[in-house]
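Student: Let's go through this one with the definitions at hand. I'll ask what makes each label hold, and you set the value against the cut-off.

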Amino acid sequence: MAHPLPAGFWRVFRRELRRIQARPNLAFMLGPFPLFLMLLLSAVFSAGLPRNLSVAVVDNDGTSLSRQAIRMVDATPDVTVTLQLANLAEGKQAIIRGDVYAVILFPENMERDLLSARQPEVVTFYNNQLLTIGGIVSRATRQALSTFSAGVSVRVLTSNGLTQEAALEAIRPIPLQQSPLFNPALDYTQFLLAALMPTVLLIFISAGAALNVARDLQQHNGARNLVRLGGSALPALAGKLTPYLLAFLLTLIFGDAILFGYFDAPFQGSMLLHVAYSLLFIASSLCLGAFIATVAGDTVAALGMTGVMTGPAFGFAGISFPRIMMNNFAWAWGGFLPLIPYLQLRVDQVLRGTPIETSLPTLGWLALQMLVYGGLALLLLKRKASRPEPSKEAAT
Amino acid sequence: MKMFVLAMMDALKRLFANKGARMTMVVSILIYACLYPQPYRGEVVRDVPIVAVDQDGSTASREFLRRIHNSDSVDIIATVDGLPVAEAMFFDRQAYGVVIVPPSFEHDLLKGQNAPVAVYGDGGYFLIYGAFVAAANNAAQSLGAEIRQQRLTSAGLDTDTAQTLISPINQTSVALFNPQGGFGSYVVPAAFVLILQQTLLMGIAIMHAGQPARPGIQRVATPVAYILLYLVWIVVTQLALPAIYGIPWIGNLWTLFAVAVPFLIAVNAMGFALTHLIRNRESVVFFLVVQGMPLFFIAGVAWPMESIPWWIAWAAHIVPSTSAIDAFLRVDQMGASVQDVLSTIRLQLALAVGYWCIAYVLHDRQFPKGQGNHLKPADTQAP
């Protein structure tokens with residue numbers, strides 16, 4: 001009974017399972033906790049694109065015409081007119097306080113100027129500090145006011161003697177068919193969520209591996225014992241990390257289930273490839289964590305370094321600010337993070353339906369990360385194992 | 001008073017002597033300060049490579065494409081024959097958008113018929129897609145307006161009247177704050193509020209998880225010392241970083257402190273409460289490391305608070321950063337006064353009181369009175 005299994009992969013694997021069992025605290029943080037955070041993020045974005053964002057109006061005209069314009073702004077789904085203010089100073093204050101995201105100023109004598117063809121100016125002041133929201137609000141008000149303006153044009157033209165059809169034709173713009181090919185409803189929420197869940201998971205996976213490998217290493221002769229139980233470094237590390245690979249694979253499947261099941265996200269590409277890069281992503285992230293642990297040596301430092309490395313990963317992924325606009329350093333740094341090739345492959349296969357050949361180099365990039373991080377971790381582990389530590393009273 | 005200062009010095013000395021705490025509360029913040037803003041240095045999207053398919057090959061279609069190419073945000077890197085070629089370039093990520101001009105574009109345009117132009121792109125990369133569509137839209141509008149003007153003048157109207165008929169009102173959009181629309185200016189100041197909160201919580205966990213409170217005056221001096229240290233970081237991240245990275249700053253230093261001090265008190269209190277809730281320090285650190293991203297997305301900056309389900313928005317406010325990120329942004333980047341952010345200051349103070357009570361009660365339960373200070377720390381290190 002003392003050694004039910006010979007030294008090797010399974011011995012370390014079994015030992016790791018027992019260790020996880022022995023610490024329910026940790027088991028919770030590796031299993032249910034990431035699931036909970038994924039559900040939380042899904043709930044945050046469940047309402048879809050922001051609607052009914054508050055805007056204020058300063059109506060210095062106060063005619064039926066300006067009121068009509070205000071009604072048209074209010075009628076757009078994106079914004080709602082929640083405040084009527086007396087002047088612009090109040091409007092600015094309302095933006096600073098966060099009561100509204102924009103203020104629309106209708107000038108004095110707008111109706112009169114409009115009818116006498118003097119092109120009155122309507123100004124929208126929007127909060128650009130909140131870039132995404134400011135963009136939605138300014139776009140929505142501009143569209144509503146353009147529609148209003150076109151209506152006025154038609155009215156003036158027909159009153160000048162043109163027929164309704166001729167008037168409509170005269171003001172018709174060049175129509176633009178927008179086809180966000182790969183994200184049909186321009187459902188930015190779905191896309192964002194599909195990128196955020198792996199980002200959170202990257203941090204979990206790397207931190208999980210870093211913590212657990214470092215826990216071995218910080219014990220007296222820990223690296224030596226680990227390698228001895230595994231027979232050699234490779235089966236030892238593989239046995240150690242495989243339980244986490246399986247656990248996080250379940251988490252990733254759970255995330256995909258939310259996206260494809262609940263949010264009904266379309267899937268365009270190759271399922272086989274999807275499974276392959278999902279597994280590689282977890283493996284690369286685990287190897288990254290293991291590598292960090294072998295460099296850091298103790299748990300707290302390993303977790304801290306993982307945080308520094310993976311915490312800002314989302315910014316480098318190019319989902320928010322595009323990678324092609326980054327400086328060389330940021331572009332290269334992103335190349336070291338498993339998240340970046342993974343998300344690129346995800347966009348390729350899930351959204352675009354990219355031909356498999358086109359995606360293969362990216363798959364190779366992800367595999368290379370795994371080999372490099374895994375290789376470095378093995379090398380450092382071997383080095384540590386080959387040097388017996390002088391006995392100390394206790395591990396720190 | 002002198003005792004108190006000495007106790008504070010002592011607390012800082014212990015912090016700097018602890019490798020983990022030093023790494024977290026000093027070194028990692030400096031690394032973040034260098035690393036985090038890097039992806040956003042470009043600030044705005046420029047010259048996005050797109051590819052055109054010109055099925056018309058007319059003067060009008062070339063003029064239309066020229067206008068798109070001349071925009072700041074988009075560059076037409078190639079005009080190709082047929083959609084398959086364009087698509088291949090798109091899949092290869094040589095191009096990030098495709099614009100297709102239909103065969104009878106000029107003909108339809110001159111006859112006043114619909115001449116729809118198609119634009120294809122990745123709707124999910126919203127900055128690229130938005131820039132691309134805006135460039136195409138502007139080109140279509142300016143070209144369309146000229147053609148309409150020609151039509152109206154040839155129908156006998158004078159130029160000015162034609163002009164006002166095409167756009168009877170002048171529309172102007174003015175960006176208040178962040179006039180450049182810089183992405184870094186939007187994300188970086190907000191993110192550093194969260195980074196400071198997380199590192200402070202981690203540092204407290206590393207120093208104090210599972211430990212009894214410091215004896216005597218040190219019990220108060222230690223958090224005060226942390227607050228002073230982090231006030232330095234507030235100045236570095238909220239003042240120096242914007243200056244270095246060219247992020248607009250129009251705040252007032254005293255207003256900044258009026259928000260920062262209650263925020264740091266609340267975070268300290270939360271940190272000490274956490275050390276009693278999760279007594280194993282690596283567990284607390286792990287717990288904190290994985291939370292950064294979700295906390296950022298429920299702070300109402302990346303995603304409007306109104307669009308987040310009310311129960312999440314409500315629950316999120318028990319974390320100091322949720323309301324603090326917004327308040328820092330308003331003070332630093334929008335010039336808000338104390339009056340404007342008073343509700344956040346009040347909330348931070350309420351959180352501080354709440355968390356101190358929790359920390360106090362949990363501490364006394366964990367370390368019953370009379371033996372607290374010389375009790376052997378039971379589980380700071382798991383075997």
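Student: What is the make-up, by class, of the lining of the largest cavity?

Tutor: The lining has twelve nonpolar, two polar and one charged residues. In that scheme Ala, Val, Leu, Ile, Met, Phe, Trp, Tyr, Cys and Pro are nonpolar, Asp, Glu, Lys and Arg are charged, and the others, Gly among them, are polar. Keep in mind that this is a predicted model, where local features need pLDDT of at least 70, side-chain atom pairs count only at pLDDT 80 or more, and totals for chains, interfaces and linings use all residues, while side-chain values use heavy atoms, without hydrogens or water. As for names, residues are numbered from 1 along each chain as its sequence is written, with chains lettered from A and ligands numbered from 1 in the order in which they are written.

Student: What makes a space a cavity here, and how many are there of 30 Å³ or more?

Tutor: On a 1 Å grid over the protein atoms alone, a cavity is a set of points where a 1.4 Å probe fits but cannot get out, whereas a pocket is an open set with protein on both sides within 12 Å along at least five of seven lines. There are three cavities of 30 Å³ or more, and the largest has a volume of about 180 Å³ (points join across faces, edges and corners, and the volume is what probe spheres set on them fill).

Student: Which residues line the largest cavity closest to its centre?

Tutor: Lining means having an atom within 4 Å of a point. Of the 15 residues that qualify, A:Phe191, A:Ala194, A:Arg346, A:Val350 and A:Leu351 are closest to the centre. Elements giving two or more residues are α9, α11 (233-262) and α16 (339-352) of chain A, with α16(A) giving the most, five residues. Those names come from DSSP runs numbered from the N terminus: helices are H or I of at least four residues, strands E of at least two.

Student: And what lies nearest the centre of the second largest pocket?

Tutor: A:Gly311, A:Pro312, B:Tyr32, B:Tyr36 and B:Ile195, out of 45 lining residues. Both chains contribute: among the elements giving two or more residues are α13 (299-310) of chain A and α8 of chain B. The pocket holds about 730 Å³ of space, and its lining has 32 nonpolar, 13 polar and no charged residues.

Student: Why is α8(B) called largely enclosed?

Tutor: Buried means under 20% relative accessible area, exposed over 50%, and partly exposed in between, with a 1.4 Å probe and protein chains only. In α8(B), 26 of the 26 residues are buried, so the rest of the structure largely encloses this helix. Its span is 38 Å from first C-alpha to last, close to the 38 Å expected (1.5 Å times one less than the number of residues). Just after the helix, B:Gly210 has a positive phi of about 70°.

Student: How do you know whether B:Phe177 and A:Asp264 are buried or exposed?

Tutor: B:Phe177 is at 10% relative accessibility, so B:Phe177 counts as buried. A:Asp264 is at 60%, so A:Asp264 counts as exposed. Phi is positive in each, although neither is a glycine: about 65° for B:Phe177 and near 60° for A:Asp264. B:Phe177 sits in the loop between β5 (170-176) and α8 of chain B, and A:Asp264 in the loop between α11 and α12 (271-296) of chain A.

Student: Why does B:Ile318 count as partly exposed?

Tutor: Because its relative accessibility is 49%, B:Ile318 falls in the middle class. Leaving aside neighbours within four places in sequence, B:Ile318 is in contact with B:Leu351 and B:Tyr355 (contact being heavy atoms within 4.5 Å). Now take B:Met25, in helix α2 of chain B: its relative accessible area is 0%, so B:Met25 is buried.

Student: What makes a nonpolar core, and which members of the largest one touch the most others?

Tutor: A core is a set of buried Ala, Val, Leu, Ile, Met, Phe, Trp, Tyr and Cys residues joined through side-chain atoms within 4.5 Å. Of the 254 residues in the largest, B:Phe64, B:Ile68, B:Val99, B:Phe105 and B:Phe297 touch the most other members. Its largest share, 21 residues, comes from α9(A). A second, separate core of eleven residues includes B:Met89 and B:Phe91.
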